[in-house]
Amino acid sequence: MQNTHDTQLIFELSKPGRRAARLPACDVPEHALDTLLPAEAIAAGPPALPEVSEPQVVRHFVNLSTQNMSVDTHFYPLGSCTMKYNPKRNERAAAMPGLSDLHPYQAEETLQGMLELLYDMQEILQEISGLQECSLQPAAGAHGEFAALLVAAAYYRDIGETRTKVLVPDNAHGTNPASAAMAGFESITVKTTASGFVDLDDLNAKLDERVAVFMITNPSTLGLFEPNMREIADRVHALGGLIYLDGANMNAILGISRPGDFGADMQHYNPHKTFSGPHGGGGPGAGPICVTEKLAPYLPAPIVRKEDGRFRLDHDMPKSIGRVRSFFGNVGVLLRAYAYIRTHGPDGLRRISENAVLNANYVLSRVKHILPVPQGHRCMHEFVASASNLRRDKDISAMDIAKRLLDYGYHAPTVYFPLTVPEAMMIEPTESESKETLDAFAEVLFRITEEDATLLHDAPHSTAISRPDEVRAARQPVLSYSP
Ligand SMILES: *Cc1c(COP(=O)(O)O)cnc(C)c1O
């Protein structure tokens, strides 16, 4: 329950002169600002900040935070995003003063601990991917895709080959074709079959010596492991092309299957998905990339190297594509991922994937009689169900179910993606949820599909805003306040 006070803007609570804290009188000599700063750097007056008491500030922000759904407050089965539990020990590790108080311009000799952690992280990620070199710099998965495609472009330039095309399956995440275009390639769509796998005939028809990279998400966004992966990689390699593995779904195969072993030449990780980093309000994330030996010279510089027991940043990479991010990347995110990886160890990482797959298959088996899964009865870490029967028979759409779930205290799954499945609902429970939570979620799905369609069309009924125009809200957000 909220009173109107809680729903006011903090500016509306403001009363002139009210303070949360008072500073003691100044006990050092004061200097006029204009003796210290040039005139144009001095503001005309103090900023128009709200004047409120401490309890008002605390209540305001705590109440605001409760209007959000998060993994700390709700089950969050958002497929493709891997919204799993963010262990609090990761936060403690990353906030240790010896790590969080460092300055990136400090001398390397005083950064040895941090550099060692980053070096270890490079080695660990190489080991998990079965690839030979790693750059921690990119700031998100999509940024990793972009950086790796620049690496591929630099490689082909260097060996004197002109390759202009990147192939992307039709069920890929939108960032794949976008990264290809941003890196200067023409993005070409490869069809998938009714079973959700790469259509080998269509691949053959589109594959030639102009193809630089085939980008594949494996397991795919449908939660399926590509059965022809090796054959696809062989065909692409035979024509001199490279395989890029979108590693967003690595949480399904940790310690079980390595991209380098099934044909990938490069891949990114999403530590904020696979390795339990908090997604925050859209960030920050990280997007480390791993590549094979032959692509290593083109990676973003610097890379952490170990020599005679010391760690140093190697800037001497003449073929490097250069920096893609300031300093060493989003180190705070990498430290959380490091803490998570070291907490679990190799066997624990494998169990994570086994449990992620088990949980997804459990939910799939519980809901498929009302939400059929067109691409099969087994899945990896996630599955894509279809609400098209419900839409036809009861006028209940995937959107209605997604919106109604909010009333029951669940974040919605990803809906209407991938586009290859009508009325798609992409559900990813993750490994960090209990059987009780999964059962309760399945029960709520059943209950919603029994509800009156008109009630569902207006859902959610319990949120401050019900059905905004989502495209307009994203494209033309109203962010400024006027009283
Ligand atoms: C999340 C995701 C991306 C993009 O990763 P970000 O870290 O959000 O930039 C790319 N591909 C797939 C399949 C994803 O799920």
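Mentor: Happy to! The largest nonpolar core has 57 residues, and Leu203, Phe214 and Phe275 have the most contacts inside it. A nonpolar core here is a set of buried Ala, Val, Leu, Ile, Met, Phe, Trp, Tyr and Cys residues joined through side-chain atoms within 4.5 Å; buried means under 20% relative accessible area, with a 1.4 Å probe and protein chains only. Keep in mind that this is a predicted model, where local features need pLDDT of at least 70, side-chain atom pairs count only at pLDDT 80 or more, and totals for chains, interfaces and linings use all residues. Residues are numbered from 1 along each chain as its sequence is written, and side-chain values use heavy atoms, leaving out hydrogens and water.

Several elements give two or more residues to this core, including α5 (112–129), α8 (200–206), β4 (211–217) and α11 (331–367). Helices (H or I, at least four residues) and strands (E, at least two) are DSSP runs, numbered from the N terminus. The largest share, eleven residues, comes from α11. At least three residues come from each of domain 2 (89–343) and domain 3 (346–472), with bounds taken from an automatic or database domain assignment.

Now zoom in on Phe214. Leaving aside neighbours within four places in sequence, Phe214 is in contact (heavy atoms within 4.5 Å) with residues including Leu167, Val190, Leu203, Ile232 and Tyr244. Apart from this core lies another, of 31 residues, among them Ile289, Leu295, Met317 and Val324.

As for cysteines, Cys134 is buried, with a relative accessible area of 1%. Its sulfur is 3.8 Å from the closest cysteine sulfur, in Cys290, too far for a bond, since a disulfide is a pair of cysteine sulfur atoms within 2.5 Å.

Methods. Buried means under 20% relative accessible area, exposed over 50%, partly exposed in between (1.4 Å probe, protein chains only).
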